[in-house]
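This report sets out selected features of one protein model. Please consult the sequence and structure shown here while reading.

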Amino acid sequence: MVQPTTQNFPIRSVFIVLSTIFPEILVHHMLGPLYPYMARTLAQSEDQVGTYTGLLASAYHLPTVVMNLAWGGLSDRLGRKPILLAGLMGFSIGCTCLGLSTVFWFSFVSLLVAGTFTGNSVVAKGYIGQIAPDESTLAFGYTAYGLTHGVAAIVGSSFGGLLADPIITKDSPFLQKHPYFLVCMVGASLAVTIAIGATLFLKNVPPTWKNSSSGGHGQHGYESVAVKEVDEAVGMASDHETSHGIHKRTMAGDDEDDDRIDANAEKAWRESSPSPSPGRSVGSLPEPSKLDHRALEEDDSEERTHSLSPTYPVLISLVQSYIPARLRLFYRAHIAPYTTVLTAKSIHIIALYSLFAFADSTFNTAMPLLAASPPDKGGLAMTPKSTALAVTCGNLAKLVTKAVFYLLQKHFGTMGCYRLGVSFIMLAALTLALLRAGAGDGSAVWHLVAAAVFAGIGSGISYLSVILALTESVSSEHLGLMHGLAGTTASVVRTVGPIVSGGLWQAGVGAHAPGMVFVFCLLIEVGALLATRGFGVGTS
């Protein structure tokens with residue numbers, strides 16, 4: 001095995017590209033413990049704090065549902081460096097606007113803007129994968145990526161509370177009006193500084209899509225060009241079809257159209273396809289001449305069978321007029337690759353990931369609410385500094401847990417580790433669900449710290465377990481697609497989780513049961529624990 005050294009691994013480039021993800025991770029963990037305090041400043045009413053907290057936390061995650069995929073695709077076409085720089089500058093604008101905001105709606109929009117430009121984590125992984133000369137150095141680069149995440153989380157949660165401490169802001173009228181300006185400007189100024197450094201010193205790598213389209217064998221580029229040419233062929237073959245009304249077409253005419261589309265599609269495919277080297281696979285999309293033509297013939301035979309029945313003449317006329325081979329080719333080119341990875345096992349694992357992400361985002365929104373709320377609302381009335389310290393303890397526990405995960409996985413297996421992680425999160429939720437204390441109760445504060453540590457341990461184990469299970473659920477050529485689907489699903493869940501958490505906290509306070517939201521987290525994790533059974537998911 002080749003060892004990663006300075007001779008075969010571009011350490012300076014990796015260091016610079018990892019620095020481009022630092023601001024977004026840092027600010028995310030700075031703001032996490034501060035959302036309840038920010039919401040109280042903006043809402044001017046304690047009855048709205050829970051709802052506002054959930055909305056602010058969700059606003060940061062909402063754009064990632066689509067933008068992570070968009071930034072990744074753009075970086076394939078335009079190169080990694082321009083997208084990394086655009087992410088840093090856009091993120092700095094969002095942070096600056098958030099620091100200057102004094103009303104809720106502007107803060108919400110500012111977080112949407114900042115969240116829109118948090119795709120550097122996705123682009124950075126692509127950059128590392130593109131410049132790594134072998135699998136050994138690739139693993140080394142991704143290890144550094146994970147370490148960057150952990151360090152940024154710990155630094156962010158600890159310094160966020162310090163910068164928002166009232167002791168720092170009390171002597172400045174401007175900071176009293178904008179108490180989170182320092183937090184936001186640290187992220188904004190750091191992003192601008194790193195953008196300048198990356199502009200000067202980061203080497204750009206050529207766009208993978210461009211290279212592949214010019215004759216390379218990259219899987220992504222090959223599929224992009226082939227699909228494009230197939231679409232153009234389908235479009236040329238169907239240009240003659242009028243869009244005015246429903247035409248009564250004969251079956252012979254349908255066959256001619258489908259055959260012409262198949263022929264044009266196959267011709268375009270062959271003209272655009274590079275010749276693969278011996279033993280090398282060129283993409284996961286099957287060649288039309290070997291799959292689509294046969295499948296289309298089967299579909300056409302079914303259409304002929306149904307068209308003989310007098311019961312469906314209008315429906316068949318509609319199908320044959322507007323849904324010929326054009327949409328079937330589109331399905332196979334753009335949708336079928338996703339269906340190949342959606343087996344019962346992979347869907348089950350994505351469900352486990354979603355349950356974990358839902359409980360994790362719900363808990364991480366509710367815990368600062370408990371810490372920040374006054375005693376008459378069931379809270380601990382802790383300062384931002386103390387709340388951030390508790391969250392930092394959880395992040396530190398998560399980092400240590402990730403460092404020793406391989407030992408746990410070797411002993412308990414993948415699903416065994418997932419169950420262990422879920423059990424720790426259940427323990428954290430139960431600890432806070434049973435907590436009954438007001439301001440000045442030192443034991444309650446330590447209960448909060450203990451719950452944060454339990455949650456950090458559980459989150460670290462569960463996350464790595466489910467990522468490993470996802471990797472094991474599909475073949476190597478579908479890993480990117482599988483993780484993309486799972487990541488997008490998790491983004492949706494992490495957007496919904498804080499809103500649900502804030503609403504449940506507010507409802508629990510109104511019902512004199514602030515622990516309601518933690519009971520909800522507990523029930524989600526019970527469901528996750530039960531969901532590890534079935535669908536053929538083993539314990540290894």
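## Salt bridges

In this predicted model, Arg80 is buried, its relative accessible area being 6%. Its salt-bridge partner is Asp76, with the closest N and O atoms 2.9 Å apart. Asp76 is buried as well, at a relative accessible area of 14%, a value below the 20% cut-off for burial.

The count of salt bridges comes to 2. Arg494 and Asp360 form a salt bridge through their side chains, at 3.2 Å from N to O. Because Arg494 belongs to helix α24 (residues 479–510) and Asp360 to helix α19 (residues 344–372), this pair ties together parts that are 134 residues apart in sequence. Asp360 is buried, with a relative accessible area of 8%.

## Helix α8

Helix α8 comprises 12 residues (120–131), which at 1.5 Å a residue should span 16 Å; the C-alpha atoms at its ends are 16 Å apart, in agreement with that expectation.

The buried residues of α8 are Asn120, Ser121, Val123, Ala124, Tyr127, Ile128 and Ile131. Viewed down the axis of α8, these buried residues fall within an arc of 160° and therefore line one face of the helix. An α-helix has 3.6 residues a turn, so residues three or four places apart point the same way.

## The second largest pocket

The second largest pocket holds about 250 Å³ of space. It is lined by 11 residues, of which Val14, Phe15, Leu18, Ser19 and Thr148 are the closest to its centre.

Helices α1 (11–19) and α9 (135–163) each contribute at least two residues to this lining, and the largest share, 5 residues, comes from α1. By residue type, the lining of the second largest pocket comprises 9 nonpolar, 2 polar and no charged residues.

Conventions:
Residues numbered from 1 in each chain as written. Predicted model: local features only at pLDDT ≥ 70, side-chain atom pairs only at ≥ 80, totals over all residues. Heavy atoms only, no water. Helix = DSSP H or I, 4+ residues; strand = E, 2+ residues; numbered from the N terminus. Expected span 1.5 Å × (residues − 1). Buried < 20%, exposed > 50% of the residue type's maximum accessible area, 1.4 Å probe, protein only. Arc of directions from axis to C-beta. 1 Å grid on protein atoms, 1.4 Å probe; cavity = no way out; pocket = protein on both sides within 12 Å on 5 of 7 lines; lining within 4 Å. Points joined across faces, edges and corners; volume = space filled by probe spheres on them. Nonpolar A, V, L, I, M, F, W, Y, C, P; charged D, E, K, R; others polar. Salt bridge = Lys/Arg side-chain N within 4 Å of Asp/Glu carboxyl O.
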